[in-house]
Amino acid sequence: MTVKIGFIGAGRMASAMIKGLIAKEVYAADEIAACAPSAATRDRIAADTGVQVFASAAETAEAADILVLAVKPKNIIPLFNEEKLRLEHRHLLISIVAGLRIETLATYVPDCRIVRVMPNHCCMVLEGAAGYVMGPGCTPADREVTDRILSAIGLAVEVRECDLDAVTGVSGSSPAFLYMAVQAIADAGVLHGLSRDAALTLAAQSMVGAGAMVLNSGMTPEQLIDGVCSPGGTTIEGVKTLQEKDFKSTLIDAVNATVKKSQEMGRQ
Ligand SMILES: NC(=O)c1ccc[n+]([C@@H]2O[C@H](COP(=O)([O-])OP(=O)(O)OC[C@H]3O[C@@H](n4cnc5c(N)ncnc54)[C@H](OP(=O)(O)O)[C@@H]3O)[C@@H](O)[C@H]2O)c1
């Protein structure tokens, strides 16, 4: 079978994406290739997913027209300056490398089309949220294939490149804030006599369900909050407490701090 998509890098993100692509039948395992310098990584991904493996990015680029760049930012200069990876007009390069601007990447690979993606780590359970930017010269077919690939690991929204710092705050970092909320709600459950397991399961599933309600009910968060708060009931007591403790502005401050840090790192 012809290789249709190649992963440059075979670490945590590449593995998650490959598993999603196979599970959602976007590509079969034998249509996917991945590369990594270490034999241990190649053996692991081949055993876990059944994809074809190569030792070098150049061999992967030779085999596939669509490439996902999934190495660490520190691997970029060695990849392009030392290994001298070159790409051609036929290549669509989908980069998930944090902080690497399309303009900078294009200096290394001026002939191919580039898509820049900011995924989040929830793609490991195929519930990711990604923002993506179509670079200059990308075609409607490139947009369609990018959307199909990213939809295999969750939801994806097209944004402008200048919005990616905001995406970093809203979906890149926010899982950490939400884990803190789940942990705190579960702690409160334990305080009131639930087992740790029961409390964590109920708190986490409530977060999954609340997210699904926002995405699928057609109602705004305000309408949904209203729906849970019966007049004179239990929930409005908790909502009042969160309002008194500035819950919303604390979360806005947390996202804001993340966006600012991302902007600072982008300038370096
Ligand atoms: N993890 C997240 O939550 C997250 C979220 C958003 C964006 N990202 C971005 O996703 C990218 C990948 O992150 P990750 O967590 O998957 O990293 P990772 O687990 O460290 O994987 C990096 C992979 O790159 C391979 N590699 C290094 N140099 C290479 C080269 N010259 N040619 C081919 N492969 C090479 C490594 O191979 P060896 O194993 O052989 O060293 C490894 O398999 C990063 O740029 C990160 O910024 C990550």
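Tutor: Let's start with Ser15, which counts as buried because it has 21 C-beta neighbours inside 10 Å, where the cut-off for buried is 20 or more. Keep in mind that this is a predicted model.

Student: Where is the place of Ser15?
Tutor: Ser15 sits in helix α1.

Student: And what does Ser15 touch, not counting residues up to four places away in sequence?
Tutor: Ser15 touches Ala10, Ile45 and Asp48 on that count. There is also Arg44, 29 residues away along the chain, with 9.6 Å between its C-alpha atom and that of Ser15.

Student: OK, what does α1 lie across?
Tutor: Helix α1, residues 12-23, lies across β1 (5-8), β2 (32-35) and β4, and it runs at about 170° to β2.

Student: Tell me about the sheet then. In what order do the strands come?
Tutor: The order is β3-β2-β1-β4-β5-β6-β7-β8. These 8 strands make an open sheet with mixed pairing.

Student: Which strands stand at the edges?
Tutor: Those are β3 (52-54) and β8 (154-158). Each has a single partner strand, so one side of each is left without a neighbour in the sheet.

Student: How much are neighbouring strands turned against each other?
Tutor: On average by 25°, with direction ignored.

Student: Let's zoom in on β4. How do β1 and β4 pair?
Tutor: They pair in the parallel sense, over 4 bridges. Phe7 is the residue opposite Val68 of β4.

Student: And how many bridges join β4 to β5?
Tutor: There are 4 bridges here, between β4 (residues 66-69) and β5 (residues 92-95), and these two strands run parallel. Ile66 faces Leu92 of β5, and Leu67 stands opposite Leu93 of β5.

Student: Are the faces of β4 covered or open?
Tutor: Both faces are covered. Ile66 and Val68 are on one side, Leu67 and Leu69 are on the other, and all of them are buried.

Student: Switching to the ligand: which residues come nearest?
Tutor: Gly9, Gly11, Ser38, Ala98 and His121 come nearest, out of 27 residues around the ligand.

Student: How do the residues of that shell divide?
Tutor: Into 17 nonpolar, 7 polar and 3 charged residues.

Student: Which helix gives the most to the shell?
Tutor: That's α1, with 3 residues. Both α1 and α4 (76-82) supply at least two residues each.

Student: What about α7, is it mostly covered or mostly open?
Tutor: Helix α7 (residues 164-172) is mostly covered, with 8 of its 9 residues buried. Among the buried ones are Leu164, Val167, Thr168 and Gly172.

Student: Let me jump to the start of the chain. Is Met1 buried or exposed?
Tutor: Met1 is exposed, because it has 10 other C-beta atoms within 10 Å and 12 or fewer counts as exposed. Met1 belongs to the segment before β1.

Student: What is Met1 in contact with, leaving aside its neighbours within four places in sequence?
Tutor: Met1 is in contact with Ala28, Asp30 and Glu31. Glu31 is 30 residues from Met1 in sequence, yet the two C-alpha atoms are 6.2 Å apart.

Student: Last bit, the whole chain. How many helices and strands are there?
Tutor: The chain has 12 helices and 8 strands. Its C-alpha atoms fill a box of roughly 65 × 40 × 30 Å along the principal axes.

Student: And what share of the residues count as buried?
Tutor: 31% of the 268 residues do. As for contacts between residues at least 6 apart in sequence, 61% join residues at least 24 apart.

Note on methods
Residues are numbered from 1 along each chain as its sequence is written. This is a predicted model: local features need pLDDT of at least 70, side-chain atom pairs count only at pLDDT 80 or more; totals for chains, interfaces and linings use all residues. Two strands pair if DSSP finds at least two bridges between them. Axes are lines fitted to C-alpha atoms, for helices over the stretch in contact, and angles run from 0 to 180 degrees between N-to-C directions. Two residues are in contact if their C-beta atoms, placed from the backbone, lie within 7 Å. A residue is near a molecule or strand if its C-beta atom, placed from the backbone, lies within 6 Å of it. Ala, Val, Leu, Ile, Met, Phe, Trp, Tyr, Cys and Pro count as nonpolar, Asp, Glu, Lys and Arg as charged, and the others, Gly among them, as polar.
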